[in-house]
Amino acid sequence: MRIHCKLLASLLGLGGLLVLYLLLGGAEEPPVREIRGTKVPAAPSGHGKVQPTTPVHFRAIEGHNPKRDPRLKKKKSNVRVPSVPERKPQAPAPEEWMHLAVVACGERVEETVTMLKSAVLFSVKKIRFHIFAEDALKPEFEHKLAEWPRPLSRKFDYKIYPISFSVGNAQEWKKLFKPCASQRLFLPMILQDVDSLLYVDTDVLFLRPLDDIWQFLKHFNSTQLAAMAPEHEVPKIGWYSRFARHPFYGTTGVNSGVMLMNLTRIRSRQFKNNMIPAGLTWEEMLHPLYQKYKNYITWGDQDLLNIIFYFNPESLYVFPCQWNYRPDHCMYGSNCKSAEEDGVYILHGNRGVYHDDKQPAFKAFYEVIRDYPFDGNLFQSMYYPLQTKFLESVHTLCGRIPQVFLKQIEQTMKRLYERRVIVHAGSRVRI
């Protein structure tokens, strides 16, 4: 009997303590329940849904303000809640565009569009085309570029400019060499918002991504502001070394059909010259230089560029001949050693070889790229036709070295195919 009384008294005492705890401490720390390993408070009176809570040491991260927590007002704690600095949203890095300029007058629309096609097909980064053309050609350019498929159009945009010359007689400049070719001399003044630019002639074809020659801009030292390839590799058979009547760069001169330019540096530089003791800006120098040498130059604006860099050799970066491979490199025998090792990177079909039968090796590239369907298989619609056409050129010196012409284009197509497969496979995995 005594044991029962003691048990009853103990239960009554525990019950009283529980009542006191609920009355005094319940409002301060409500009982919690376990739900899938996360503690949540019991629903307050009058609410049927369970509201999740957040542990105190995470509240600062979620934007919780501990000063507004009624429980913390009633009960001070010595535990310091760590503060996390607010992260400001970072703006995405601006997308880098490569800039490609070309000048087209006369019957050059198809040739120019084929060049642009080769640039877009193989390049990785986006390209902005700066097309300088006679007014009558603008609708034809717009029509042909509008025909390109939409997926390809996301890789480029373009602007068409009128032919204009800021100094001197416009008609003289326009007829200096090939129609409008001297327009390239005025690009730094016209494209004021462009920092760097690759200029190419209309008869150029990219057999490697434009991205790769664009990288030469990072190789410039502090004084260099343009890059070109030599006019010839062998002084004994080079044109400038044998016939030039004016100053020219180096021992064989340089060819301006592929010209990489840092326009910002060109606009800000004072150039040495043989007209006045002081330096002249690019724009100040062009017309007096032309007036002085116009009776001695043969290749027009290219000769003027050679004269400029003769007096300012520290301003020029020279890249290998495979970046500007012309008939001169094979029609007298193979004399571009870098192309023999790695293949042709940029094909320059000057002398009109895309449109006659004198150099069928060059003509083969032009016709295959021109006729390539955008949705075609690269190997079936481009590489195999090239191989077939090369069989028709073995009677020429250029046609006897097919590995020089085909090695790089084969590697470029493989890389492009792999890039497409990887991107396609990655999109399927994400789905």
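Which handedness, left-handed or right-handed, does the disulfide of Cys 330 and Cys 398 have? In this predicted model, the torsion about the S-S bond of these two cysteines is about 90°, so the disulfide is right-handed. The sulfur atoms of Cys 330 and Cys 398 lie 1.9 Å apart. Cys 330 belongs to the loop between E10 and H13, while Cys 398 belongs to the loop between H15 and helix H16 (402–430), so the pair ties together parts that are 68 residues apart in sequence. Cys 330 counts as buried because its relative accessibility is 1%, and Cys 398 is likewise buried, with a relative accessible area of 1%.

A search of the whole structure finds three disulfides, and a disulfide is a covalent bond between the sulfur atoms of two cysteines. When the bonded cysteines are counted along the chain, the disulfides follow the pattern 1-2, 3-5, 4-6. One of them joins Cys 105 to Cys 180, with an S to S distance of 2.0 Å. The torsion about the S-S bond of Cys 105 and Cys 180 is about -100°, so this disulfide is left-handed. Cys 105 is placed in the loop between E3 and helix H3 (109–122) and Cys 180 in the loop between helix H6 (170–174) and helix H7 (187–190), so the pair ties together parts that are 75 residues apart in sequence. Both Cys 105 and Cys 180 are buried. Another disulfide joins Cys 321 to Cys 336, again with its S to S distance given as 2.0 Å. Here the torsion about the S-S bond of Cys 321 and Cys 336 is about 100°, so the disulfide is right-handed. Cys 321 and Cys 336 both lie in the loop between E10 and H13, 15 residues apart, and both are buried.

The loop between strand E10 (316–318) and helix H13 (337–342) also contains Asp 328. This residue is buried, because its relative accessible area of 7% falls under the 20% cut-off. Leaving aside residues up to four places away in sequence, Asp 328 touches His 232, Asn 335, Asn 350 and Arg 351.

Aromatic side chains were examined next. A search of the whole structure finds 27 aromatic pairs. In one of these, the rings of Phe 220 and Tyr 317 have their centres 5.7 Å apart and their planes at 35°, so the pair is tilted. Phe 220 is found in the loop between helix H8 (210–214) and strand E8 (226–230), whereas Tyr 317 is found in strand E10, so the pair ties together parts that are 97 residues apart in sequence. Both Phe 220 and Tyr 317 are buried. The rings of Phe 365 and Phe 390 have their centres 6.0 Å apart and their planes at 85°, so this pair is edge-to-face. The pair links distant parts of the chain, with Phe 365 in helix H14 (residues 360–371) and Phe 390 in helix H15 (residues 378–390), 25 residues apart. Phe 365 counts as buried at 1% relative accessibility, and Phe 390 counts as buried at 4%.

Ring pairs also link Phe 216, Phe 220, Tyr 317, Phe 319, Trp 323 and Tyr 345 into a cluster.

Strand E6 (residues 196–200) is mostly covered, as five of its five residues are buried. In a regular strand the side chains alternate between the two faces of the sheet. In E6, Ser 196, Leu 198 and Val 200 point one way, while Leu 197 and Tyr 199 point the other way, and all are buried. Strand E3 (residues 97–104) pairs with E6 in the parallel sense over two bridges, and the bridge partner of Ala 101 in E6 is Tyr 199. E6 is also joined by five bridges to strand E9 (residues 254–262), and these two strands run antiparallel. In E9, Val 258 is the bridge partner of Val 200.

Methods: Residues are numbered from 1 along each chain as its sequence is written. This is a predicted model: local features need pLDDT of at least 70, side-chain atom pairs count only at pLDDT 80 or more; totals for chains, interfaces and linings use all residues. Side-chain values use heavy atoms; hydrogens and water are left out. Helices (H or I, at least four residues) and strands (E, at least two) are DSSP runs, numbered from the N terminus. Buried means under 20% relative accessible area, exposed over 50%, partly exposed in between (1.4 Å probe, protein chains only). Contact means heavy atoms within 4.5 Å. Rings of Phe, Tyr and Trp (its six-membered ring) pair if their centres lie within 6.5 Å; planes under 30 degrees apart count as stacked, over 60 as edge-to-face and the rest as tilted. Two strands pair if DSSP finds at least two bridges between them. A disulfide is a pair of cysteine sulfur atoms within 2.5 Å.
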